[in-house]
Amino acid sequence: MMKTTKIMALAAGASLLLSACATSPELPSPRGQASPMPADTTFTLADIYASDMFSAKGFPTTRWLADGSGYTTLESAEDGGRDIVRYHPETEERTVLVHAAQLQPEGAEEPLRIANYEWSEDGKQLLIFTNTKRSWRTHTLGDYWVLNLENGRLVQLGSDFPESTLQFAKFDPAGSRVAYVMQNNIYVQELASLDITQITSDGSSTIINGTFDWVNEEEFSLRDGFRWSPDGEHIAYWQLDTSGVPMFTMIDNVSELYPTLTEFPYPKVGETNSELRVGTISANGGDTTWVQLPGDPRQNYIVRMEWAGNSDELMVQHMNRAQNNMQFWLADRATGEAVSLITEQSNAWVEQVDDVRFFRDGQSFLWQSERSGYRHLYRFDRDGNGLTPLTEGDYDIVQMLEIVADEQGNGYAWFIASPENPLQRYLFRVDLSGETPAERITPEDWPGYHGYTVSRDGRFALHTVTRMGVPTETRMVRLPDHSVINELEMNTELKEVLAEKLTADVEFFQVEARDGLMLDGYLKRPADFDPSKKYPLIMHIYGEPWGQTVADRWLGQTHLWHDYMTQLGYVVVSIDNRGTRSPRGQEWRHSIYMQLGIITVRDQADALDQMLERWDWIDGNRVGMWGHSGGGSQTLNALFRYPEKFHAGVALAPVPDLRLYDTIYQERYSGLLPDAADSYEETSAVTHAANLQGSLLLVHGTADDNVHYQGSERLQDELIKHNKQFRFMGYPNRTHGIREGEGTSLHLRTMITEFFWEALPVE
């Protein structure tokens with residue numbers, strides 16, 4: 001592990017003087033170095049980042065059985081490994097369905113380590129995913145085994161293939177075969193004979209069958225790239241051609257004696273995208289029938305594909321590169337011919353639709369759209385009137401959970417929404433007939449941020465709820481009356497620790513932007529708050545369309561660190577500017593189109609002005625901001641665009657130059673080159689770096705494959721050119737989260753804390 005003598009590397013000889021507060025009593029430091037912070041806090045940074053003092057317990061991952069007999073979970077077995085256990089939702093009767101010993105291969109010293117598992121449709125066979133490795137951002141590579149529950153036979157799939165090279169294995173509907181991807185080709189394996197059929201053969205370093213490249217995985221959550229037809233006769237799959245996509249290179253200076261390089265296709269703004277197409281092939285192999293879609297494949301995205309409720313048609317969601325037009329195509333399996341059923345379009349961007357559920361052999365399906373200005377649920381009848389709204393009103397559906405209905409489409413859709421309070425989340429359901437309005441299921445006297453895993457029959461749900469400062473509580477509830485059957489994990493011990501250690505008062509509030517728009521925020525004050533004093537302010541920001549910082553929920557380590565800062569004497573605030581992922585409608589979200597870094601931080605500056613006017617105990621001369629990823633980008637914009645308002649900032653893994661980020665994300669929110677060239681120039685923080693007046697701490701992991709270290713180096717170069725002094729810390733071989741490696745989180749937070757202590761001294 002790299003040794004550090006002070007806290008941070010200094011860029012261009014930069015230095016910030018320690019404040020007079022450095023003479024305060026010292027806090028014992030796990031680094032063996034003197035710390036300038038006072039020692040009279042109720043807990044330390046090491047308690048947060050190097051101990052389990054504040055560890056929240058989560059209920060084990062569960063999945064509902066299709067027959068409604070209960071849910072299954074993994075539990076440690078006495079002799080090693082883990083059992084798969086079923087619990088009855090009402091009686092909590094426990095039954096071990098699969099013993100760990102059944103998952104111990106012949107000659108092996110221990111049972112398989114279960115990373116994931118899947119039941120065949122008849123429940124007679126079990127598919128085990130184990131020995132996993134990371135592919136791009138997630139662990140999708142590994143080994144697969146099948147256990148026959150009737151005869152106890154345990155076999156490894158693709159046993160002659162290299163270790164940990166299989167992906168996305170899944171049973172066919174009859175449970176007699178398994179298909180999987182191996183090194184960019186798709187294979188089908190018979191379970192009785194273990195015979196393997198390779199059904200695609202053109203997979204290579206540039207031709208990808210059945211899975212995806214980096215950018216489609218990251219931005220469209222596309223990983224598993226093939227689907228069995230309902231009759232098990234065919235497989236539909238994506239194929240990508242990455243040739244021509246520029247390669248990004250990362251350097252590892254730590255692991256070996258000489259630097260090593262990693263290269264992968266990564267299309268930055270305006271660069272060549274992969275070519276995507278979708279086709280169907282017989283499960284026995286043969287020729288692929290490709291879906292015929294209009295336009296240049298490199299200037300369009302295929303963002304979703306599923307069998308359309310039968311084995312003869314595919315649903316394909318096809319989006320243009322600008323992402324402001326998406327069509328639902330219905331494609332014929334036999335010919336590849338496609339017809340458009342639905343078009344979604346916007347002056348900014350549209351989003352793909354998940355959880356499309358088909359009924360009546362594909363004649364009807366459920367759809368989500370923002371065409372009303374809010375995200376709502378619709379039913380589409382191919383033989384009727386097209387789209388019929390099932391939900392209406394000035395609110396967004398946040399998440400679809402479960403659709404409990406028969407094949408004719410009679411039943412309910414269960415979803416999460418929050419019509420009255422965008423800071424909270426509640427369970428609703430709506431009748432698929434469209435004849436009655438949606439009804440709230442979460443009781444009115446249960447405020448907070450609720451989550452549900454609804455059983456397949458809609459009778460029960462694993463329910464979680466949390467609030468600001470209150471860790472997750474997990475219960476089993478009966479639906480639809482929401483009566484509590486059992487309290488499964490209430491985090492009682494952690495609540496007791498929090499009651500003893502946390503001291504800050506927390507309140508939600510609103511401020512008004514210059515155009516009258518109301519912005520949500522939360523405020524944390526020191527326990528010994530004195531309104532006659534002046535307090536330095538730290539603002540936490542994300543500010544971009546993929547996150548919401550102001551919500552009535554448990555914020556984990558962020559909440560704890562903010563409380564720690566109040567104990568040092570800071571006021572902590574977070575404001576959600578317009579454009580954040582708050583369920584406040586399309587206009588709210590789209591208002592920042594081509595305005596990232598402009599309107600986003602203008603709202604933050606307006607919020608600061610409002611707070612200074614409302615609360616004279618905030619010191620307008622000691623204002624700091626911090627954020628990670630998009631929040632790091634907006635922190636830079638705040639410091640550079642409003643240097644008279646924001647005096648110190650910590651930017652973690654930011655995108656200083658928007659032209660350096662990937663096509664799918666950045667072009668969605670910032671437009672296409674060359675038309676949007678002026679906008680990219682203006683909205684990129686690096687353009688305004690010469691305006692820096694305050695103190696800046698810039699932090700980046702050198703192995704960040706998402707937001708590249710390159711951007712921070714480009715910003716450093718610009719700051720140096722203008723003789724702007726700043727602090728910089730590069731974390732070797734850390735990725736975007738800056739978490740890997742022993743001691744990393746504690747080191748990072750210690751550095752940030754001491755930076756603010758020096759730059760915004762507490763009086």
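**View 1. Trp64, a buried residue of this predicted model.** At a relative accessibility of 10%, Trp64 counts as buried, a term that stands for under 20% relative accessible area, with exposed meaning over 50% and partly exposed in between (1.4 Å probe, protein chains only). Tyr71 is buried as well, its relative accessible area being 1%. Residues are numbered from 1 along each chain as its sequence is written. Because the model is predicted, local features need pLDDT of at least 70 and side-chain atom pairs count only at pLDDT 80 or more, while totals for chains, interfaces and linings use all residues, and side-chain values use heavy atoms, with hydrogens and water left out.

**View 2. Aromatic ring pairs.** Rings of Phe, Tyr and Trp (its six-membered ring) pair if their centres lie within 6.5 Å, and planes under 30 degrees apart count as stacked, over 60 as edge-to-face and the rest as tilted. By this rule there are 38 aromatic pairs. The ring centres of Trp64 and Tyr71 are 5.7 Å apart with the planes at 75 degrees, so this pair is edge-to-face. For Tyr180 and Tyr187 the centres are 6.1 Å apart and the planes at 20 degrees, so the pair is stacked; both Tyr180 and Tyr187 are buried.

**View 3. Charges over rings.** A charge sits over a ring if NZ of Lys or CZ of Arg is within 6 Å of the ring centre and within 35 degrees of the ring normal. Lys170 lies over the face of Phe226, 3.3 Å from the ring centre, and the charged end of Arg429 sits over the ring of Tyr412, at 3.9 Å from its centre.
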